[in-house]
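These are my notebook entries from a first pass through the structure. I kept each entry to what I looked up and what I found there.

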Amino acid sequence: MPPAESDVPGYESATTVRVAGRVLPAAALRTYPERYAHLLAAARAEVGHAECLCRPGRPLRLVIRRRVGRLHLAGWPNDGHNHAPSCLWYRADPELSGRAGYERDGAIDNTNDGIRLRLAVPLTTRTDPADRTPAHLHALGEQAVSQRGLGLLGLVHFLWEPELAVHSSITRRRWRDCQPALVDQVAQCSTKGFPLPEVLHVIPPYRKERPDETAGNRAAWQAFLRQLDTVGPVRRHALVLGELRDIVPARFSMRVQFAHLPDAAYASPELIERVQNSYRVAFTDEHSRNSGRRIALCVISRSPKGYLRVDDMAVMPTNFAYIPVDSSYELTMADALISAGRVFIKPLRYDPDLMATLPDFVLIDTDPPTYVEVWGVLGREDYEQRKAEKRDYYRKSGHALLEWDVRRPMPDVHRTD
Ligand SMILES: [Zn+2]
C-alpha cells in the first residue's frame with residue numbers, strides 16, 4: 001500500500017524521477033529505497049545515473065550512490081541550483097556558499113561512494129594525567145600541522161545547507177522536520193574511513209505519544225556513548241548535533257542542556273565564555289526575545305568519572321523556522337520573508353572569516369534571483385566601505401537587490417508581480 005502523504009518527509013515537493021525507464025515520485029523512493037532497489041541497481045549498471053524531472057523538458061542527472069549497503073539517489077555535485085526550487089534536490093548555487101573553497105582543497109570530497117570529509121577536529125586525543133591542557137587546545141595543535149579541515153561551524157553549515165538553508169514552504173518547520181534532513185546528509189558522509197553516523201549523532205525528536213520510538217532512540221544514544229570509553233591513553237571524542245536549550249552554572253562547571261535529550265553534558269566555564277564570545281548573536285537577549293533558536297554541534301567525551309563532557313562547541317543562531325541568521329536584523333528579515341510566503345535561501349559561509357561577497361538572503365521565486373541585504377552595522381568606516389563595494393558588485397553582476405537600511409522601516413518584501 002502506498003504511504004499516506006503525511007508520513008513521507010518532504011512530500012510538499014511533487015518531484016518525480018526516472019529510474020531505469022520508470023517514472024516515480026521522488027519522496028517515495030527516498031523514504032522506501034529498499035522497495036526500489038532492483039530499479040536503482042539496473043539504472044546504476046546500465047546508464048550509471050537516474051534523472052530528476054522537476055524541470056519540464058530538461059531532465060537533470062542524479063547520482064545513484066551506495067550507502068550502508070543500500071542504493072539511493074543523491075543530487076549531482078554542484079548542479080543543485082539547476083533544479084526547481086521546490087525540488088528535493090534543489091541546492092544553493094555553489095557561488096552562494098563557502099563550500100566551494102573546501103571542495104577545492106579536498107576537505108569536502110564528492111565521490112561515487114559518498115562524500116569524504118576532512119574534519120579539523122580530531123576524534124581521538126591522548127590522555128596523560130600530568131597534562132592539564134584542555135582537549136580543544138590539543139586539537140588546535142594537531143590542526144596546525146595538518147591540511148585545512150572543515151571546522152565545527154563549517155560542518156554545521158555543510159549539514160544544514162542542502163535542505164535547511166532553503167525556505168520553500170510556509171508550514172511551520174519543527175525539529176522533527178529538520179532531523180531527518182540532517183540524518184540524510186550525515187549518512188552520505190565518511191571521515192577518516194569511518195561512516196559519519198558512527199561518530200556524529202543527530203538528536204532525534206522526542207515525541208511523547210511514541211514510547212517505542214523513544215525507547216529505540218534511547219538505546220541508540222547509549223550505544224553511541226559506549227564508544228567513548230577511554231582505551232589506555234587514548235581519549236575518544238564524538239560529535240553531537242542538536243538544538244541548545246540552555247547553559248546554566250552547575251557545581252564545578254557549566255551544564256549544557258539540549259532540547260529533546262534528557263542527559264546533560266558539562267563544559268568548563270572557560271569554554272562557555274569562549275563560545276559565547278565567538279557566537280555572540282546566538283546568546284543575546286534580543287535573539288531569545290525574537291523566538292530565535294541556537295543549534296549546537298558539540299565535541300564530547302567522557303570524563304574519568306563518567307560524565308559527558310563538552311570539549312568544544314560551535315553554535316549557529318537561527319530564527320523560529322531554523323533558518324540560520326547572522327544578526328538580530330537578519331532574523332527580523334527572515335521572519336518577514338516567511339510571513340510574505342517567499343521562497344529563499346540563506347547563503348552559508350562555512351568559515352566565519354570568509355571574505356567572499358555573499359548576500360544575506362537570496363529570493364529564488366524571482367527569475368533571476370533577487371539578492372537581499374540588511375545594512376545593519378552603521379557609521380563604521382570599514383563597514384560603509386564594504387557596503388559600497390558589495391552594492392557595486394551587485395550592480396555590475398546585474399542582480400536585483402532588495403535592501404533594508406535598519407534605521408528605516410523595513411521595505412515591503414512581498415512579491416510585486
Ligand atoms: Zn529536481
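I began with strand β7 (residues 114-117) and strand β10 (residues 189-191), which run parallel and are joined by 3 bridges. Since this is a predicted model, I read every position here as a prediction. Within the pair, I found Arg 116 standing opposite Ser 190 in β10. I then looked up the sheet around them, and it is an open one of 4 strands in the order β6-β7-β10-β11, with mixed pairing. At its edges stand β6 (108-111) and β11 (194-195), each with a single partner strand, so one side of each has no neighbour in the sheet.

**Entry 2, a hairpin.** Next I looked up strand β1 (residues 16-19), which runs antiparallel to strand β2 (residues 22-25) and is joined to this strand by 4 bridges. Val 17 is the residue I found opposite Leu 24 in β2. The two strands, β1 and β2, form a hairpin with 2 residues between them, and Ala 20 in the turn has a positive phi of about 45°. I noted for both kinds of pairing that the strands of a sheet pair through backbone hydrogen bonds, either parallel or antiparallel.

Which residues coordinate the zinc ion? I found Cys 52 (SG), Cys 54 (SG), His 83 (ND1) and Cys 87 (SG), at 2.1 to 2.4 Å. The 4 donor atoms subtend angles of 105 to 115° around the zinc ion, and this makes the arrangement tetrahedral. Along the chain the donors follow the spacing C-x1-C-x28-H-x3-C. Cys 52 lies in strand β3 (residues 49-52), whereas Cys 87 lies in the loop between β5 (70-75) and α3 (99-104), so the pair ties together parts that are 35 residues apart in sequence. I also checked accessibility, and both Cys 52 and Cys 87 are buried.

How many aromatic pairs does a search of the whole structure find? The search finds 8.

Is Trp 404 buried or exposed? Trp 404 counts as buried at 7% relative accessibility, while Tyr 329 is partly exposed, with a relative accessible area of 34%. I also found Tyr 371, Tyr 393 and Tyr 394 linked by ring pairs into a cluster.

Arg 148 lies over the face of Tyr 102, at 3.9 Å from the ring centre. The charged end of Lys 346 sits over the ring of Phe 361, 5.1 Å from its centre.

Last I looked up helix α9 (residues 269-278), where Leu 271, Ile 272 and Val 275 are buried. These residues cover an arc of only 95° around the axis, which puts them on the same side of α9. On the other side of α9, I found Glu 270 and Glu 273 exposed.

Notes. Residues numbered from 1 in each chain as written. Predicted model: local features only at pLDDT ≥ 70, side-chain atom pairs only at ≥ 80, totals over all residues. Heavy atoms only, no water. Donors = N, O, S within 2.8 Å, 3.2 Å for Na, K, Ca; no water. Tetrahedral: all angles 85-135°; square planar, octahedral: opposite > 155°, others 65-115°. Buried < 20%, exposed > 50% of the residue type's maximum accessible area, 1.4 Å probe, protein only. Pairing = 2+ DSSP bridges. Phe/Tyr/Trp six-rings, centres within 6.5 Å; stacked < 30°, edge-to-face > 60°. Lys NZ or Arg CZ within 6 Å of the ring centre and 35° of its normal. Arc of directions from axis to C-beta.
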